[in-house]
Amino acid sequence: MATSTVDAESLLSIDVGSITTRAALFDLVDGRYRYLGSGSVLTTAYAPFHDIGEGIRSALDRLQLVTGRVLVGGDERLIIPSKDDGSGVDTLVATISAGPPLNMILLGLLEEVSLESARRLASTTYARVVDSISLNDRRKPEDRIDAILRLRPDIILATGGTEKGASQSVLKLLDSIGLASYLMPEDERPAVLFAGNQALQDDVQKSLGKLLRLQFAPNVRPTLEVEQTEATQVHLSDLYRSVRSRKLSGVEELDIWAGGGLMPTATAFGRVIRFLSKVYDPIKGVLGVDVGASATTIAGAFNGELALSVFPQFGLGKSLAELVEYCSPEAIARWLHIEMSASSIREYLHQKSFYPASVPATAEELHLEQALARQVMQMALRKATSFFPAKVMRYGPSLSPWFEPIVASGSVLTRAPNNAQSLLMLLDGVQPTGVTTIVLDQNHIAPALGAAAAINSTLAVQVLETSTLHNLGTVISPVGNARFGTPVLRLRITYEDGREVPVEVKQGSIEVLPLPAGQSAKLNLTPLQRYDVGMGGAGRSGGLRVVGGALGVVIDARGRPLKMPEDPARRRELIRKWRSTLGC
Amino acid sequence: MLAQVTHILPITLLRRERLLSSPGRVVVRKGQKVSATDVIAEIRLNPQHMLLDIARSLNLPVREADPNIQCQAGDQVSQGDVLAGPVGFTKRVVRAPKNGRVIVAGEGQILLELEGPPVELKAGMPGIVADLVGDRGAIIETSGALIQGVWGNNRIDFGLMHVLARSPDDELKPDRMDVSLRGSVVLGGYCRDPQSLKLGGELPIRGMILGSMDAALLPFALKVPYPVIILDAVGRRPMNPAAYKLLSTNDKREVSLNAEGWDRFAGKRPEVVIPLPASGNTSLPRDVVEFLPGQSVLVTRAPYAGQTGTLSNILLGLTVLPSGIKTQAAEIRLDNGDNVVVPLVNLEVLV
């Protein structure tokens, strides 16, 4: 049931997450594409179903109820293309993140060159790097073979050798892969993606081609100085889809429905962020943050150049039990305004990993869940930043680059009890600098739009132009050095009705200036103490027009990086104050 | 809405597929009676290999080395067997450094798979081999009481159960672990002292069932030589009343523990089975259940975590929880008589 891309109008998107399967419908309303609604159910990738199809069918049932449109025919098949009676849809796009992360082994010649590029590539999808093989690897060949047999990788990403560079050493490293694959049952052999010296393709094909599934991609390091990963990312997405299809029932059928275009949710999310980066101010980047159960995804796009990072170890689901390997419970506790012991935090991490779909019913558990979101965002962003292009604009190496806007997704952010809680989580986790707008993807449609962009870019553009993304507000984060309580910014907001409100902002505080959605205002900013507010340099004043959002204009003068008092009681008191100011 | 399910059943038919991760050798036959620790299949899962550079050892170019290789793929060789040579004036040879099997011979190299102990797949519960699954394993069928848990240390064993927990939250202290427990499976409430686990290994016991355990003890529990199953939580929490009642009324009965880790994707969960004869209407437990009024449920998250009750009403639309989160919820009449509202995703149906 391949979908037609000709004269396509309505579009159905299906996203199979590790907890939730969502079906969303988009169609023309008054000549413009709109998001019409969605249906969500629990994903059925796991026991007792072991088939994502059950969840997809239930999500479609929900969507039919919500939208009143018949999408599934009497024969239980999706109606594609749509019929004159209004039933069915014209196109379908699909994304998936369900299932355990893929095990990946990286192969490259030099640790700091090809292997580093391989690492960067591996982080663009739902994968865990379980081993690396390089010239620095002191293991004997047989030990490498045994490691490959023991680790049972799903994918081996082989790089190495610049163009017209090394060849024999790359082939020698690949020998271990060939021998190990030969020793595995045929249906358990890994897929190999070769993205090294292109002159070796024939040799690699000859030595590995008959043993396993082999794909070739352009050299990720054609020279020592140049790195090109974009084309290889596409191949990696293809491999992800093919491994998922092999290991999870229903994926192959979904891929057929999507005309062979099923893609990892993170890849589709990244596409939307990249698209937005072409539309917005080219000096700044666009940041996408998706805090999901299976992974935390960071997508930074800078004038069309995307740096995508997926962190399965920072998901808020099953992997939470292992979070203490990456940070201490005390690091999580510093985000809390209530007292909570390290052992209580550890226990919560385990309990949540046992029941990833469960939700915090008490205020105490909600605070902890939101603290976890802050912590994983911060850790993920810290790692992802190293993959951002060197030329991006930022105030300092340890500070977040300039972003406009920041798009946030993931139920911990989008289903928070109020907008203020969502915003404060993002301010703490991302710590934006300068002036930025923060929007929430409340209906989790960004991946759908990313997947749709390839076949119906008009739809993606028009839906993004509508108010589908929920504007939390404009955030101004001055950067500089001053003591707590020192005035660092004077600003004047001039509303559409001519009213003017002057505000003085002190270091360590948060200020909120109401500006409802649909309204705009003019801001005049005068930094003090040589603070930088994104007006062209330290101490420079300027004005800008801002549009309203749920929380209006928020000035976050708590400092960058955000340093909180060491004393727990004082820290908690300060957090309580910030929460109160924002209206958490 | 589909419900998550936990089985706490006094009597049920049980059918469990026990499979190797790769093709191996199945050592049971259909209809055979097995105990929990009987091996049903084995595999050399992670054999060690040795790559011998024949060309280098014989000091010959690769193309000249190959005709001097005296073995071929598939040959079993013993330590000291000549694999290649003799060549030259000194009659240089390459001998097998250990017992093993030749995997590849050629291109100037020999790859040997060394002999090593096989990985054994145990039945996991006592029963009958209902069917064989190719070269991967078997389906074991039995009847009895079934209690599922949340965490296990990946070990399997069986023995007579000693109920040490006088109440669902009774702490299993080291002074309770005496020599009379040797060879038995211990039922405790909560454990926070690593000494209790250590003594279990020294006696030794054959297994430990707990309602809850301190998080700090998990790494230690992974190392003890007997199976440990946690039924409810990491941290301190009384064992859920349904499990406690069922287990404590089966004191001195034989129980089998399959403490494999909970893996939703693979469909594995730590389980305690108390073998009991089936009656005429004993059936397989239901794994697919929709929420319905009248169902027995277990609450998995605060503030009622670990309590059991009856689902009295599924609330229409979304309910605002005390945390402020809006979600689908149900009214539950807890076993202590309290009526409370719990999100559906924080419930497990007990069937």
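In this predicted model, helices H14(A) and H15(A) are roughly antiparallel to each other, because angles over 145 degrees count as such and the two pack at an angle of about 150°. Helix H14 covers residues 446-453 of chain A and helix H15 covers residues 457-465 of chain A, with their axes 7 Å apart. Their crossing is left-handed. On the H14(A) side the contact is made by A:Leu449, A:Ala452 and A:Ala453. H15(A) brings A:Ser457, A:Leu459, A:Ala460, A:Val463 and A:Leu464. By class, this contact has seven nonpolar residues, one polar residue and no charged residues.

The crossing of H4(A) and H5(A) is right-handed. From H4(A), the contact uses A:Leu171, A:Leu174, A:Ile177 and A:Gly178; from H5(A), it uses A:Asp203, A:Val204, A:Ser207 and A:Leu208. These residues divide into five nonpolar, two polar and one charged.

The two pairs are set out below.

| Helix pair | Crossing angle | Axis separation |
|---|---|---|
| H14(A) and H15(A) | about 150° | 7 Å |

The contact between the chains takes 37 residues from chain A and 35 residues from chain B. On the side of chain A that touches chain B, helices H3 (141-151), H4 (168-183), H10 (342-354) and H11 (363-385) each supply at least two residues. The residues of chain A that touch chain B divide into 21 nonpolar, eight polar and eight charged.

Helix H6 of chain A runs over residues 230-247 and has 18 residues. From its first C-alpha to its last H6(A) reaches 26 Å, close to the 26 Å expected at 1.5 Å a residue. The buried residues of H6(A) are A:Thr232, A:Gln233, A:Leu236, A:Leu239, A:Tyr240, A:Arg241, A:Val243 and A:Arg244.

A:Ala408 lies in strand E14 (residues 403-409) of chain A. A:Ala408 is buried, because 30 other C-beta atoms lie within 10 Å and 20 or more are enough to count as buried. Leaving aside neighbours within four places in sequence, A:Ala408 is in contact with A:Val289, A:Leu413, A:Leu426, A:Ile438, A:Leu440 and A:Asp441. A:Ala408 and A:Thr265 are 143 residues apart in sequence and 14 Å apart in space, C-alpha to C-alpha.

Methods
Residues are numbered from 1 along each chain as its sequence is written. Chains are lettered from A and ligands numbered from 1 in the order in which they are written. This is a predicted model: local features need pLDDT of at least 70, side-chain atom pairs count only at pLDDT 80 or more; totals for chains, interfaces and linings use all residues. Helices (H or I, at least four residues) and strands (E, at least two) are DSSP runs, numbered from the N terminus. The expected span of a helix is 1.5 Å times one less than its number of residues. A residue is buried if 20 or more other C-beta atoms lie within 10 Å of its own, exposed if 12 or fewer, and partly exposed in between; C-beta atoms are placed from the backbone. Axes are lines fitted to C-alpha atoms, for helices over the stretch in contact, and angles run from 0 to 180 degrees between N-to-C directions. Angles under 35 degrees count as roughly parallel, over 145 as roughly antiparallel, 65 to 115 as roughly perpendicular and the rest as oblique. A crossing is left-handed if the near helix is turned anticlockwise from the far one by less than a right angle, and right-handed if clockwise. Two residues are in contact if their C-beta atoms, placed from the backbone, lie within 7 Å. Ala, Val, Leu, Ile, Met, Phe, Trp, Tyr, Cys and Pro count as nonpolar, Asp, Glu, Lys and Arg as charged, and the others, Gly among them, as polar.
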